[in-house]
Amino acid sequence: MPSNIQYQSSRCGTNRLEIIGKHIFVNGKLTDGVPPSNYYKVSQVNGRLFVNGYEYIDGYWKRTLKAIWHKLF
């Protein structure tokens, strides 16, 4: 893998999160909804995924107050 591409993989409950470069994959599928960034703040709590102020709910990324809280703290 080229050195300029970042790769992160983690598992949260039944969801598998992978970040390759500026692309986010959940369970092997490319997802849209989280704006591309040079860094990603990732939290996983009780089977929920939070990335840069967005929460993964029912196959979609949604901006929630809880997700913004995880981004800030």
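## Briefing: surface patch, core contacts and charge pairs

W69, L72 and F73 make a nonpolar surface patch of about 420 Å². Patches here are built from residues with over 30% relative accessible area and no salt bridge, joining like charges within 9 Å and nonpolar side chains (Val, Leu, Ile, Met, Phe, Trp, Tyr) within 5 Å. Areas come from the Shrake-Rupley method with a 1.4 Å probe; for residues, only the protein chains shown count as cover. This is a predicted model, in which local features need pLDDT of at least 70, side-chain atom pairs count only at pLDDT 80 or more, and totals for chains, interfaces and linings use all residues. Residues are numbered from 1 along each chain as its sequence is written, and side-chain values use heavy atoms, leaving out hydrogens and water.

**Overall architecture**

- The protein has one helix and eight strands. Both are DSSP runs numbered from the N terminus: helices are H or I with at least four residues, strands E with at least two.
- From the N terminus on, the order is β-β-β-β-β-β-β-β-α.
- Of the 73 residues, 34% are buried. Buried means under 20% relative accessible area, exposed over 50%, and partly exposed in between (1.4 Å probe, protein chains only).
- The protein exposes about 5100 Å², and carbon and sulfur atoms supply 52% of that area.
- Take the contacts between residues at least 6 apart in sequence: 26% of them join residues at least 24 apart. A contact means heavy atoms within 4.5 Å.

**The patch and its aromatic pair**

- L72 lies in helix α1, residues 65-72. L72 is exposed, at 58% relative accessible area.
- W69 and F73 are both exposed as well.
- The structure holds two aromatic pairs. The W69 and F73 rings have centres 4.5 Å apart and planes at 50 degrees, so this pair is tilted.
- The pairing rule takes rings of Phe, Tyr and Trp (its six-membered ring) with centres within 6.5 Å; planes under 30 degrees apart are stacked, over 60 edge-to-face, and the rest tilted.

**Around G53**

- G53 sits in the loop between β6 (48-51) and β7 (54-57). G53 is buried, with a relative accessible area of 1%.
- Leaving aside residues up to four places away in sequence, G53 touches K62, R63, T64, A67, I68 and K71.
- G53 and R63 are ten residues apart along the chain, and their C-alpha atoms are separated by 6.2 Å.
- The charged end of R63 sits over the ring of Y54, 4.9 Å from its centre. The rule asks for NZ of Lys or CZ of Arg within 6 Å of the ring centre and within 35 degrees of the ring normal.

**S43 in strand β5**

- S43 belongs to strand β5, residues 42-45. S43 counts as buried, at 14% relative accessibility.
- Not counting residues up to four places away in sequence, S43 touches R48, L49, F50 and H70.

**Salt bridges**

- A salt bridge is a side-chain nitrogen of Lys or Arg within 4 Å of a carboxyl oxygen of Asp or Glu. The count by this rule is two.
- R48 bridges to E55, with the closest N and O atoms 2.9 Å apart. R48 is partly exposed at 39%, while E55 is buried at 4%.
- E18 bridges to R16, with the closest N and O atoms 3.2 Å apart. E18 is buried at 13%, while R16 is partly exposed at 36%.
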